[in-house]
Amino acid sequence: MQLPPALHARLAGAPGSAEPLPVERNPAAGTAPFRFAPRLVRFPREHDFFEDGDVQRHLYLQDVLTQVGGAPERPRVPEFTCQVAGCCQAFGALDDYEHHYHALHGNVCSFCERAFPSGRLLDAHILEWHDSLFQILAERQDMYQCLVEGCTEKFRTSRDRKEHLVMRHLYPVDFRFDKPRKSRGPAMPGAAEQVLAETLGDDGVPSEGDAMEVCSEHVEPPPEPAGERRAYSHRIPSTICFGQGASRGFKSTKKRNKHQ
Amino acid sequence: MWSRERGRLKPLRCGVEELRCRRREREAALRKARREQQLVSKRLLRDEALEEAEEGCVAVIFGEAEIQQFLRLAQRGTEEKEREGALVSLRRGLQRPETQQTFIRLEGSIRTLVGLLTSNRALLQLEAARCLHELSHSEQSAVVEACLPATSYLLTYLSGHSSDFIELCLYTLGNLIVESEAVRRQLLPQGIVPALAACIQSPHLTVLEALGYALSQLLQAKEAPEKIIPSVLGSTLPQHMLQLLQPGPKLNLGVAVEFAWCLHYIICSQVNNALLITQGALSTLGLLLLDLAGAVQRTEDAGLELFLLQKQPSLLPEGLWLLNNLTANSPSFCTSLLSLDLIEPLLHLLSVSNVVSVLVLTVLCNVAEKGPAYCQRLWPGPLLSSLLDTLAFSDTEVVGQSLELLQLLFLYQPGAAQAFLQQSGLQALQRHEEVAQLQDRVHALQQIALHG
């Protein structure tokens with residue numbers, strides 16, 4: 001069926017749409033035994049009208065029909081190593097490197113070197129673990145933000161927040177990215193060292209039942225000099241990223257030395 | 001027939017006839033499933049190029065002991081390659097339903113898998129995610145629902161930036177979503193809608209297509225109109241969807257197909273279409289349709305079979321349905337139809353099928369009922385001979401609609417009845433004189449034609 005070129009131009013917004021012809025109805029039109037009257041037709045989703053289309057859709061999903069989007073090639077490149085200081089992982093494909101980078105060197109906390117899957121979780125971590133002002137404010141108001149994207153609830157304690165996560169959002173009780181701080185109070189140098197010691201090893205398996213110790217591929221970060229406190233956090237500069245914004249990644253936070 | 005693979009097309013190893021037969025069987029099964037409201041399809045993302053690199057052989061069925069061994073190696077192996085290798089073997093084994101069953105029944109297996117999914121080893125994460133993906137694709141509910149402990153993490157990772165990994169998470173989520181209402185009852189409070197809304201801003205096409213798939217599965221759910229569509233409409237998802245459907249050089253068909261289906265499920269649920277209209281849905285979709293139709297004319301690529309109007313009979317009814325709703329109450333649309341010379345092309349469609357013919361005649365009635373000024377523009381021309389042809393049909397609905405149109409023409413267009421008589425119209429009417437649904441109208445028309 002050939003499309004008249006004028007139609008395209010018209011619907012694309014070309015001016016000069018003609019005045020509609022005058023409407024003039026005769027009352028005899030559509031009267032018995034005739035019954036035509038113009039009407040808008042709406043079909044509910046389960047209507048038979050959509051059967052053919054639905055069948056096409058599902059044939060497409062099941063790969064019976066040709067997929068219209070071609071997947072991009074995965075180029076392989078000569079082996080190279082990760083350039084982040086202390087990391088010596090080697091890769092043969094850019095995609096593998098991309099994932100490694102985001103997982104390990106992405107949203108990294110500069111205080112304790114933990115990596116997180118998203119900026120939101122990193123921000124929450126920094127506030128709750130490394131910000132002394134947060135601790136002071138938390139004594140008087142609800143500061144612990146819900147971790148679920150889109151939920152704006154705040155809580156007095158991290159325990160209350162955990163309960164909210166479990167009851168309201170059906171999160172697992174041992175959700176890996178919601179570990180409470182072990183030492184209470186403002187971040188002290190001693191605490192920082194303890195926290196750093198925790199970063200070695202671990203792969204996030206919950207403490208109950210599994211004694212799984214795994215060597216971290218992360219080199220042990222240098223201990224913070226006593227007395228020094230940083231009041232800001234470094235992020236990986238946004239110039240180093242694959243995609244939009246700053247890179248993201250994570251590392252679990254389970255203590256390595258805890259005995260089960 | 002081609003099967004999709006990452007970056008390559010590879011012919012399937014069967015004859016064409018066998019493929020056609022298989023397709024017919026699949027179609028019949030899908031129609032039956034639809035009638036029983038059991039229409040469920042999942043997507044499987046398997047990187048066949050990757051499998052070939054692994055010197056693929058048919059996946060063997062693993063028993064408990066073997067699975068435990070793989071898991072132990074993956075968790076505690078000393079060599080990086082050894083750990084990955086173990087998980088890869090497990091993942092390939094999980095292609096078999098028997099192995100899947102054994103896996104989920106093994107105590108601690110899912111827990112361990114989730115642990116690997118959330119570990120700090122990027123490649124283990126990826127393989128663990130692939131294992132979950134295989135499980136999510138299962139036809140056994142128990143296997144699919146065993147993946148539930150992983151969902152909060154799958155959602156968390158959607159705000160990451162590793163596009164391959166996110167794509168995998170999305171397809172897995174899409175498969176889980178469509179499995180049962182129980183799964184959705186967990187995913188909704190876990191924040192799947194905001195997570196998708198955040199993720200749709202990704203620049204990666206593979207991620208977008210996967211997201212569209214997952215969202216379409218969510219919107220297709222039975223309880224979607226009450227429980228899901230309102231929150232989707234309240235999010236930023238609709239405006240991003242429409243953006244991804246804008247015609248132009250940036251339009252990606254794979255992505256567009258997914259979001260077009262998303263919009264279909266939203267719109268025919270009738271929850272709040274006014275909102276979509278204010279966001280420009282009508283103009284976006286209208287322009288897209290035109291763009292695609294134009295592309296169809298220019299291309300011979302079989303890959304666009306979804307959009308070849310002539311070859312996909314299912315598209316004609318829908319296009320004509322659209323025309324009906326446009327012309328029913330709108331003098332301007334009817335005028336446009338006339339001034340853009342679309343009547344003759346419409347008449348050509350009258351021989352396609354009964355459903356299509358009824359729709360074409362309905363659209364023509366929409367135009368004719370607006371009065372003499374409109375009928376004048378329908379006359380003379382091929383309309384009369386087309387109508388005489390449709391009167392030769394045996395389908396009562398087609399004939400009935402032709403009779404309605406004739407009444408309008410006789411009423412509003414002087415000379416129409418005369419011309420009708422001269423072209424043996426009465427004889428054409430005669431064969432329907434005894435048909436119950438038609439006889440009153442046939443007689444009425446005979447009277448009008450003879451006596452004015």
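## Terms and model

Helices (H or I, at least four residues) and strands (E, at least two) are DSSP runs, numbered from the N terminus. This is a predicted model, in which local features need pLDDT of at least 70, side-chain atom pairs count only at pLDDT 80 or more, and totals for chains, interfaces and linings use all residues. Residues are numbered from 1 along each chain as its sequence is written, chains are lettered from A and ligands numbered from 1 in the order in which they are written, and side-chain values use heavy atoms, with hydrogens and water left out.

## Chain A: fold and surface

Along its sequence, chain A runs α-α-β-β-α-β-β-α-α-β-β-α-α. That gives 7 helices and 6 strands in chain A.

Chain A has 260 residues, of which 45% are buried (under 20% relative accessible area, 1.4 Å probe, protein chains only). Of the contacts (heavy atoms within 4.5 Å) in chain A between residues at least 6 apart in sequence, 48% link residues at least 24 apart.

## Chain A: annotated spans

An unreviewed UniProt entry lists "domain: C2H2-type" for residues 82–105, 109–130 and 146–169 of chain A; such annotations may be inferred rather than shown by experiment.

Residues 82–105 of chain A are 50% helix and 17% strand, and their end C-alpha atoms lie 10 Å apart. Residues 146–169 of chain A are 42% helix and 8% strand, with end C-alpha atoms 10 Å apart.

## Chain B: domains

Chain B has domain 1 (60–137) and domain 2 (316–451), with bounds from an automatic or database domain assignment. The C-alpha centres of domain 1 and domain 2 of chain B are 66 Å apart.

Definitions and conventions:
Buried < 20%, exposed > 50% of the residue type's maximum accessible area, 1.4 Å probe, protein only.
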